[in-house]
Amino acid sequence: MNPSRIDASESVAYESSRPLRLTHFQRYGLAVFSVSVALAAALFLQHFQFRDAAVPLLLFACAISSWYGKQGPAVLAVILSLMGFSYLFVSPIYSLRVAPSEFPYFVIFAAFTSLISWFATIRRRVDDDLRLIRDRLKVEVEERSSLLDLTHDSIFVRDMSSNITYWNRGAEEFYEWTPKEVTGKRSDELMSTIYPKSLEEIRAELLETNKWEGELTRTKADGTQVIVASRWSLRRNQQGHPVAILETSNDITVRKRREKEIQTLNHELATQARLLDQTHDSIFFRNVNGLITYWNRGAQELYGWSPEEAIGKRSHEFLRTIFPAAVEDIDRELLRTSVWEGELKHTKADGTEVVVASRWSLSRDDQGQPIVMETSNDITERRNREDEIRKLNQQLSNRAVELDASNKDLEAFAYSISHDLRAPLRHMAGFAELLCKSAAASLNEKSMHYVTMILEAANRMGSLIDDLLAFSRIGRAEAHNSLVRLEQLVQEAVSEVRQDGNERKIAWKIDPLPEWYGDRSMLRLALVNLISNAVKFTRTQPQAEIEIGCTEHKKDHVVLFVKDNGVGFDMKYSNKLFGVFQRLHAQEAFEGTGIGLATVQRIVHRHGGHVWAEGIVDGGATFYFSLNKSRGAN
Amino acid sequence: METLGRILLVEDDQKDVELTLEALEEYNLANEVVVAVDGEQALDYLYYRGKFMRRARENPAVLLLDLKLPKVNGLEVLQQIKSDENLKLIPVVVLTSSHEEKDMVASYKLGVNAYVVKPVDFHEFVNAIKELGVFWAVINEPPPGSVRKR
């Protein structure tokens with residue numbers, strides 16, 4: 001037992017009455033000593049003529065001996081007193097004999113001494129008993145208070161003026177003050193107690209109901225603040241006056257902090273939920289059992305179910321989810337990587353199906369239970385469009401296959417024409433020629449004319465076929481693009497045309513032209529066609545003027561023109577200019593097959609450009625064509 | 001038909017044969033011409049097979065080859081000739097109605113010596129044939145093992 005503990009009882013008064021612990025020798029010595037002192041004092045007083053001092057002094061010595069020495073010394077002191085008294089003060093003096101006349105006096109003295117000793121002994125025994133009882137009581141109290149020490153709740157007692165009188169081990173451990181440090185201090189000042197309401201109200205409640213419960217904020221010895229749940233009970237004395245307050249408290253700081261954190265989290269969660277509501281993506285949470293626990297506004301918009309209808313439902317059944325793979329595999333992947341993404345089919349409240357791009361992410365709630373957040377957006381339209389595009393692509397590729405086949409047919413057709421149609425023509429021409437040669441003498445002029453007509457027709461048919469084949473070849477041939485110096489190409493085309501034509505006076509004007517990407521041989525053919533046209537239709541002019549130039553030159557676009565001062569054409573027929581076999585002049589006036597400009601158009605189209613013309617009857621014509629780099633540059 | 005000639009003409013069209021011979025006649029080359037009417041016959045001639053089994057062991061000085069032929073077409077004949085060690089030295093001139101670039105490229109790839117498109121105009125045709133005949137059968141020195149000028 002810790003001797004420094006404070007007693008609840010009022011035992012302080014007993015402390016000083018504890019008798020001296022004396023040995024036997026000391027006790028008996030005390031008896032001898034006290035009697036001797038008494039005798040000496042009596043003799044001393046008698047010497048100065050004081051009377052009858054011996055008896056009270058000896059009685060006093062006996063009383064001291066019996067008080068401090070108990071029975072044995074008491075008897076010894078009585079015997080010694082009797083002997084000393086009879087020897088020194090009872091006649092005959094200096095003899096132990098007692099005169100009969102003194103006998104009653106002596107007996108009374110003996111009886112009186114014995115009586116005092118007896119009383120002292122009784123008093124002494126009572127005193128000892130009392131001490132024993134007190135000791136037991138003390139042990140009991142200390143045991144009780146040690147029980148209080150067993151609890152880890154802090155318990156302390158304070159009087160009505162708040163001074164601490166008891167401080168258990170729990171309090172010591174918790175507040176980190178020792179009982180010595182706190183005893184007698186005012187509890188609220190010591191711990192800077194902050195009350196949830198005014199102290200007067202608390203006191204009023206305490207006095208009325210004898211107890212109070214509440215949460216207090218306190219500061220510990222090391223300065224840290226703690227929150228405790230505190231229970232007070234009021235102790236009253238027998239008169240019913242309040243004397244002390246017992247306070248039990250336990251630490252709820254951590255719990256309070258948790259509560260606060262949870263509150264903060266809840267607040268954040270609410271904020272997040274509001275944010276989640278802002279998005280138009282559908283977001284819902286489902287727990288480990290697949291039950292929907294959260295359903296945002298986007299989900300409501302997408303699926304047509306309100307949160308009240310959706311929450312608590314098993315999501316997969318509720319939305320009649322159709323998965324792209326086995327749901328077990330999906331769950332396995334989700335558990336492994338915490339994320340899954342894919343396309344799902346869901347059924348809306350109105351029964352229509354939607355395709356969604358869904359993203360699942362796995363997290364855990366505060367209980368550690370897995371929770372899945374499913375974010376989805378509607379891609380039905382996109383999917384439909386993709387399907388449509390796929391269908392169109394399919395159609396397109398079918399068409400391409402068909403086109404390819406018909407191209408092949410066309411090729412075979414052209415091949416056949418170039419071989420099989422030309423041969424009979426050659427034969428017609430050849431044999432007509434041979435006829436002409438062998439029968440020249442016998443044929444009259446008219447017959448010769450017929451033969452000539454046959455030959456001309458055959459030749460024309462031959463050039464028609466050649467032009468037609470060249471035209472169809474442009475459609476079929478692959479373009480071989482390279483950087484072409486247009487100016488040089490124009491020069492080449494001009495000199496080719498001039499070779500064919502008879503010597504005529506033509507004023508040529510060739511402007512500076514850029515370099516361009518394109519199929520060199522095709523562009524050359526186009527230029528030759530346009531330039532030979534210009535030469536042909538300026539035939540009637542005494543001074544022919546032909547200009548080749550460029551009106552527009554941009555990064556990916558160029559416009560060239562061939563301008564002449566020839567017979568021109570009527571603009572109302574300009575739409576017929578570029579058609580196959582379309583001619584605006586009689587064969588007799590200007591020969592031609594009507595394929596040249598169609599060929600030009602085809603070449604220009606293959607270069608991503610277009611061709612057009614401006615003309616006035618007898619006022620010349622200008623043919624424009626544009627070339628695009630985007631098509632030509634690849 | 002003379003089975004020994006400097007010119008092997010492979011042509012299925014009788015009219016073309018006639019016109020060709022007509023043209024060559026001017027230089028008295030017509031009797032130098034051996035005519036095969038299809039690719040198979042041309043190869044028979046070159047390999048001494050069938051009715052050409054007993055002809056003289058000499059190669060023609062030039063082979064005038066039409067492309068569009070029954071049975072074995074001109075390009076196939078050309079390929080066979082140019083892949084045979086004994087025949088690949090024979091000069092081959094493709095003589096065709098077609099302007100087809102495809103045919104021309106294929107012929108040159110197979111190693112043709114010349115490619116001539118028959119003109120529709122008879123005069124041009126005669127001139128072309130005459131020049132061909134004179135060049136290949138008279139001016140040009142044929143490789144060893146070919147039929148010599150008599």
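Tyr48(B) comes after helix α2(B) and has a positive phi, near 55°. Before going on, the ground rules: this is a predicted model, in which local features need pLDDT of at least 70 and side-chain atom pairs count only at pLDDT 80 or more, while totals for chains, interfaces and linings use all residues. Residues are numbered from 1 along each chain as its sequence is written, and chains are lettered from A and ligands numbered from 1 in the order in which they are written.

When I say helix, I mean a DSSP run of H or I with at least four residues, and a strand is a run of E with at least two, numbered from the N terminus. Buried means that 20 or more other C-beta atoms lie within 10 Å of the residue's own; exposed means 12 or fewer, partly exposed is in between, and the C-beta atoms are placed from the backbone.

Back to α2(B), residues 39-46. Is this helix enclosed or open? Six of its eight residues are buried, so α2(B) is largely enclosed by the rest of the structure. Those buried residues are Gly39(B), Gln41(B), Ala42(B), Leu43(B), Tyr45(B) and Leu46(B). The cover over them includes β1, β2 (33-36) and α3 (74-82) of chain B.

One residue of β1(B) is worth a look. Leu8(B) lies in that strand, which spans residues 7-10. Leu8(B) counts as buried because it has 24 C-beta neighbours inside 10 Å. Two residues are in contact here if their C-beta atoms, placed from the backbone, lie within 7 Å. Leaving aside neighbours within four places in sequence, Leu8(B) is in contact with Val34(B), Ala36(B), Ala42(B), Tyr45(B), Pro60(B) and Leu63(B). Leu65(B) is 57 residues away from Leu8(B) along the chain, yet their C-alpha atoms are separated by 8.1 Å.

Next, the sheet. Strands pair if DSSP finds at least two bridges between them. Chain B has five strands in an open, parallel sheet, in the order β2-β1-β3-β4-β5. Which strands stand at the edges? They are β2 and β5 (114-117) of chain B; each has a single partner strand, so one side of each is left without a neighbour in the sheet. On average, neighbouring strands of this sheet are turned by 20° against each other, direction ignored. Inside the sheet, β1(B) pairs with β3(B), residues 62-65, in the parallel sense over four bridges. In that pair, Val10(B) stands opposite Leu65(B).

Now the whole of chain B. There are five helices and five strands, and from the N terminus on they run β-α-β-α-β-α-β-α-β-α. Of its 150 residues, 43% are buried. Among contacts in chain B between residues at least 6 apart in sequence, 71% join residues at least 24 apart.

Leu21(B) is partly exposed, because 16 other C-beta atoms lie within 10 Å. Outside four places in sequence, its contacts are Ala30(B) and Val33(B). Leu9(B) is twelve residues from Leu21(B) in sequence and 9.6 Å away in space, C-alpha to C-alpha.

Then chain A, briefly. It has 19 helices and 17 strands, and 26% of its 634 residues count as buried.

How do the two chains meet? The contact takes 15 residues from chain B and 17 residues from chain A. On the chain B side, α1 (14-25) and α5 (122-139) are the elements that give two or more residues. The most come from α1(B), with four. By class, that side divides into four nonpolar, three polar and eight charged residues. Here Ala, Val, Leu, Ile, Met, Phe, Trp, Tyr, Cys and Pro count as nonpolar, Asp, Glu, Lys and Arg as charged, and the others, Gly among them, as polar.

Last, confidence. pLDDT is the predictor's confidence in each residue, from 0 to 100. Chain B has a mean pLDDT of 83, with 95% of its residues at 70 or more. Where pLDDT is low, the predicted coordinates should not be read in detail. The model scores ipTM 0.72 and pTM 0.44.

Key:
Axes are lines fitted to C-alpha atoms, for helices over the stretch in contact, and angles run from 0 to 180 degrees between N-to-C directions.
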